[in-house]
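Please open the model in your viewer and keep the sequence panel beside it.

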Amino acid sequence: MDKEFLLVGRILKPHGVRGKVKARRYLLSPHPFQIGKEVFLKGKGGDIIVLIVRAVHWKREDVILSLEGIENRSDAERIRNFEIYIRRSDLPPLPEGEYYWEDILGMDVYDGKGNFYGCIREIFPTGSNDVWVCVRGKEEILLPAIDTVIREVDLRARRIIIEPVEGLI
């Protein structure tokens with residue numbers, strides 16, 4: 001999928017017998033799944049199915065979705081493990097200093113002197129802040145996504161400037 005779309009989750013399994021599905025959401029905010037909006041499901045073979053969200057029920061980090069066209073357990077089973085995408089334009093703008101994980105992944109990391117540290121390969125939440133995993137060859141640096149470490153994020157240049165505090169590197 002191109003940059004017009006954002007990966008927001010994955011179908012885990014059917015939920016009940018009336019076509020609902022349990023999905024893992026990748027965004028922490030509830031915004032990705034909006035009633036009446038389209039979701040784009042991508043299967044392993046690259047097939048894309050476009051469906052409309054009928055209902056959303058939150059269950060901790062997962063969500064139960066009712067989708068138009070998925071009417072029974074057999075329909076729900078056919079979309080098991082499909083990735084869920086939405087149009088970026090369906091998301092509200094983020095506040096200053098917040099980013100979607102997909103935008104950060106793959107960005108190059110430098111310090112203020114131009115020293116290259118690697119690329120962001122993974123992100124995980126810790127409760128108080130996210131941690132960005134910067135990889136260069138076999139080396140791995142865990143960068144807390146806090147203002148004292150992350151000095152600048154330039155989405156257009158795909159570059160992150162960090163302040164390597166003592167003990168970080």
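Begin with the aromatic side chains, where the structure holds three aromatic pairs; rings of Phe, Tyr and Trp (its six-membered ring) pair if their centres lie within 6.5 Å, and planes under 30 degrees apart count as stacked, over 60 as edge-to-face and the rest as tilted. Select Phe 5 and Phe 40, whose ring centres are 4.8 Å apart and whose planes meet at 70 degrees, so this pair is edge-to-face. Phe 5 belongs to strand E1 (residues 5-15) and Phe 40 to strand E3 (residues 38-42), 35 residues apart, and the pair thus links distant parts of the chain; strands here are DSSP runs of at least two residues, numbered from the N terminus. Both Phe 5 and Phe 40 are buried, where buried means under 20% relative accessible area, exposed over 50% and partly exposed in between (1.4 Å probe, protein chains only).

This is a predicted model, in which local features need pLDDT of at least 70 and side-chain atom pairs count only at pLDDT 80 or more, while totals for chains, interfaces and linings use all residues. Residues are numbered from 1 along each chain as its sequence is written, and side-chain values use heavy atoms, with hydrogens and water left out.

Next, select Phe 33 and Trp 58, whose ring centres are 6.4 Å apart with planes at 50 degrees, so the pair is tilted. Phe 33 is buried at 4% relative accessibility, whereas Trp 58 is partly exposed at 37%.

Now display the open sheet of six strands, which has the order E10-E9-E8-E7-E12-E11 and mixed pairing; two strands pair if DSSP finds at least two bridges between them. At its edges are strand E10 (139-144) and strand E11 (150-154), each pairing on one side only. Inside the sheet, strand E7 (residues 108-111) and strand E12 (residues 159-162) run parallel and are joined by four bridges, and Asp 111 has Ile 162 as its bridge partner in E12.
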